[in-house]
Amino acid sequence: FDFIGNPLHFINGVAAGIRELVRQPYKRGIIGIPLGFLFFLCSVFGSIFDLLARISNSLCKGLERMQRLLYKRLGVKSGGKYSALFALSKAPTSFVEGLSRGCVLAL
């Protein structure tokens with residue numbers, strides 16, 4: 001379920017935050033109120049960021065698969081010293097080469 005961000009993990013994180021929001025004031029009294037609120041915020045935001053990271057990771061994996069398929073159909077060599085990333089990391093030798101790389105990246 002990583003393409004939707006593992007909702008069960010998200011719900012468990014929010015539930016842990018709510019549990020700490022109630023438990024800390026009960027255990028520590030008046031001092032536990034801000035501590036419980038802090039634990040609640042950390043747990044909820046941690047769960048949200050984990051959810052977003054899982055979604056973006058699955059999207060990037062899908063894009064990577066599509067890129068490999070496109071490279072295979074176009075006959076572009078990928079991997080090793082001929083990879084597209086390695087080719088783009090070198091500085092262009094002329095104005096025309098730089099312009100052509102920019103046009104390719106715009107597509």
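Arginine 54 and aspartate 50 lie four residues apart in helix α2, so about one helical turn separates them. Their side chains meet in a salt bridge, meaning that a side-chain nitrogen of Lys or Arg is within 4 Å of a carboxyl oxygen of Asp or Glu. This is a predicted model, in which local features need pLDDT of at least 70 and side-chain atom pairs count only at pLDDT 80 or more, while totals for chains, interfaces and linings use all residues. Residues are numbered from 1 along each chain as its sequence is written, and side-chain values use heavy atoms, leaving out hydrogens and water.

The structure holds two salt bridges, and here they are side by side:

| Salt bridge | N to O distance |
|---|---|
| Arginine 54 – aspartate 50 | 3.0 Å |
| Glutamate 20 – arginine 23 | 3.7 Å |

Glutamate 20 and arginine 23 are three residues apart in helix α1, so they too are separated by about one helical turn. Helices are DSSP runs (H or I, at least four residues), numbered from the N terminus.

How covered are these side chains? Buried means under 20% relative accessible area, exposed over 50%, and partly exposed in between (1.4 Å probe, protein chains only). Glutamate 20 counts as buried at 15%, whereas arginine 23 is partly exposed at 34%. Arginine 54, at 26%, is partly exposed, and aspartate 50, at 24%, is partly exposed.

Now for the nonpolar surface: Ile18, Leu21, Val22 and Phe37 make a patch of about 360 Å². Patch residues have over 30% relative accessible area and no salt bridge, with nonpolar side chains (Val, Leu, Ile, Met, Phe, Trp, Tyr) joined within 5 Å and like charges within 9 Å. Helix α1 (residues 7-28) gives the largest share, three residues. Phenylalanine 37 is found in helix α2 (residues 32-74) and is partly exposed at 45%.

Conventions: Areas by Shrake-Rupley, 256 points an atom, 1.4 Å probe, with all protein chains shown as cover. Helix = DSSP H or I, 4+ residues; strand = E, 2+ residues; numbered from the N terminus.
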